[in-house]
Amino acid sequence: MASVHGPIQAAHPSPFRAVHNVSHPRITYPQPVPSAKPPSTQPVARQDEYYGHEHASLLCTRFITHLFACPELPPSSSGSKVKLQKFIAYALHRTKLHPSVTFAALVLLQRLKARFPTARGSSGHRLFISAFMLASKVICDDTYSNKSWSIVAQGMFQLREINQMEREMCQYLEWELNVDPSTLSEFEAMVRKDFAGIGPFPTYILPSTKKSTPPPSANPFAYPSSNFTPSPPHAHRHPSPPRTAQALPLYSPPSDTPEASPSYSSSSTSPASSAPPPTPVGVEDLSAKIVSASSSPGYSSVEHVPVPPSKTKMFAFASPAVW
């Protein structure tokens with residue numbers, strides 16, 4: 001009988017039998033590559049911090065700091081650290097107003113400095129936004145509300161502060177807010193030329209805007225008479241005889257009888273004489289005159305009406321005070 005050495009292996013193993021010593025190859029899947037965040041969620045760093053208004057904002061900053069010697073940073077109480085040039089650039093960017101409004105605001109600030117030569121500004125932001133707001137309201141037909149100007153100021157000033165700044169600026173300028181077009185054009189050309197560099201900067205003197213102010217060449221004490229003819233500069237002048245002062249009567253009672261003679265002559269040479277002018281011959285005098293009741297035949301005398309004792313004390317008279 002034959003002996004069996006070792007286990008007998010089946011020629012065809014069953015597929016349902018668990019095989020432990022068979023190694024299966026692992027399938028490697030491609031690992032996802034970590035990608036960057038989408039561009040929509042990344043903070044976009046703006047390259048131009050002046051919004052395309054760098055030149056104009058620097059001109060305004062140099063002009064304001066030269067006039068009022070104010071710092072570029074706002075006061076610490078405002079809670080903001082925006083410099084003046086970037087503050088102006090943002091205001092120009094948000095409002096999108098014409099450049100003439102910007103230079104009209106500088107004209108108003110120049111007038112403010114002319115009225116208060118020793119004034120120094122603690123906040124150039126406050127000065128610029130006040131003048132810029134008033135210039136836009138004067139020049140433009142459709143303007144922003146004061147609430148919108150608070151947004152333009154980046155929340156640095158509340159609405160009540162904007163209203164107060166507007167009222168104070170108008171009072172300081174005495175409501176002289178209009179700017180002549182020719183003056184504005186010349187002023188803009190001078191600012192663009194003189195404040196393009198780093199200094200030194202000139203100080204401008206603008207013409208007065210008051211209509212009541214006479215020109216420098218006119219004599220403010222001249223008598224406004226159209227019949228006055230100036231004498232020649234080299235003519236011989238004779239001294240006038242001294243005039244004696246003539247006292248005028250405080251009260252002259254009216255005459256009961258008309259003038260007997262039509263020719264009236266007065267020795268008074270004062271233009272303030274209380275005597276009436278003479279009536280020419282042949283002209284009927286229709287002027288009103290106060291005459292007595294006896295000389296008027298159509299009027300009768302009026303009886304005296306007794307006044308009650310209480311009526312005599314109707315008015316109070318001031319007695320001298322003792323200090």
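## Basis

The model is predicted: local features need pLDDT of at least 70, side-chain atom pairs count only at pLDDT 80 or more, and totals for chains, interfaces and linings use all residues. Residues are numbered from 1 along each chain as its sequence is written, and side-chain values use heavy atoms, with hydrogens and water left out.

## Helix H2

H2 spans residues 84-95. Helices here are DSSP runs of H or I with at least four residues, numbered from the N terminus (strands are E runs of at least two). H2 has twelve residues and reaches 17 Å from its first C-alpha to its last. That is close to the expected 16 Å, where the expected span is 1.5 Å times one less than the number of residues.

Nine of the twelve residues are buried, so H2 is largely enclosed by the rest of the structure. Buried means under 20% relative accessible area, exposed means over 50%, and partly exposed lies in between (1.4 Å probe, protein chains only). The buried set is Leu 84, Gln 85, Phe 87, Ile 88, Ala 89, Tyr 90, Ala 91, Leu 92 and Thr 95. These residues pack against helices H1 (54-68), H3 (99-115), H4 (124-139) and H5 (146-152). Contact means heavy atoms within 4.5 Å.

## The second largest pocket

The second largest pocket holds about 320 Å³ of space. The search runs on a 1 Å grid over the protein atoms alone. A pocket is an open set of points with protein on both sides within 12 Å along at least five of seven lines; a cavity is a set where a 1.4 Å probe fits but cannot get out. Lining residues have an atom within 4 Å of a point. Grid points are joined across faces, edges and corners, and the volume is the space filled by probe spheres set on the points.

The lining has 15 residues. Nearest the centre lie Leu 112, Arg 126, Leu 127, Met 169 and Tyr 172. H4 and H6 (159-172) each supply at least two lining residues. H6 gives the largest share, with four. By class, the lining divides into eight nonpolar, four polar and three charged residues. Ala, Val, Leu, Ile, Met, Phe, Trp, Tyr, Cys and Pro count as nonpolar; Asp, Glu, Lys and Arg as charged; the others, Gly among them, as polar.

## Leu 127

Leu 127 sits in helix H4. Its relative accessible area is 14%, which makes Leu 127 buried. Leaving out residues up to four places away in sequence, Leu 127 touches Ile 64, Phe 68, Leu 109, Leu 112, Gly 121 and Met 169.

## Salt bridges

The whole structure has six salt bridges. A salt bridge is a side-chain nitrogen of Lys or Arg within 4 Å of a carboxyl oxygen of Asp or Glu. One joins Lys 86 and Glu 49 at 2.7 Å, N to O. Lys 86 lies in H2 and Glu 49 in the segment before H1, so this pair links distant parts of the chain, 37 residues apart. Lys 86 is partly exposed at 30%. Glu 49 is partly exposed too, at 43%.

Glu 166 and Lys 137 meet at 2.9 Å, N to O. Glu 166 is in H6 and Lys 137 in H4, so the pair ties together parts 29 residues apart in sequence. Glu 166 is buried at 17%, while Lys 137 is partly exposed at 29%. Arg 192 pairs with Glu 188, the closest N and O atoms being 3.2 Å apart. Both lie in H7 (residues 181-194), four residues apart, about one turn of the helix. Shared partners also join Arg 115, Glu 174 and Glu 176 into one salt-bridge network.

## Loop residues

Most residues other than glycine have a negative phi. Ala 69 has a positive phi of about 50° although it is not a glycine. Ala 69 lies in the loop between H1 and H2 and is partly exposed at 38%. Lys 96 follows H2, and its phi is also positive, near 55°. Lys 96 is in the loop between H2 and H3 and is exposed at 62%.

Ser 123 lies in the loop between H3 and H4. At 6% relative accessibility, Ser 123 is buried. Ser 123 touches Cys 70 and Pro 75, not counting residues up to four places away in sequence.
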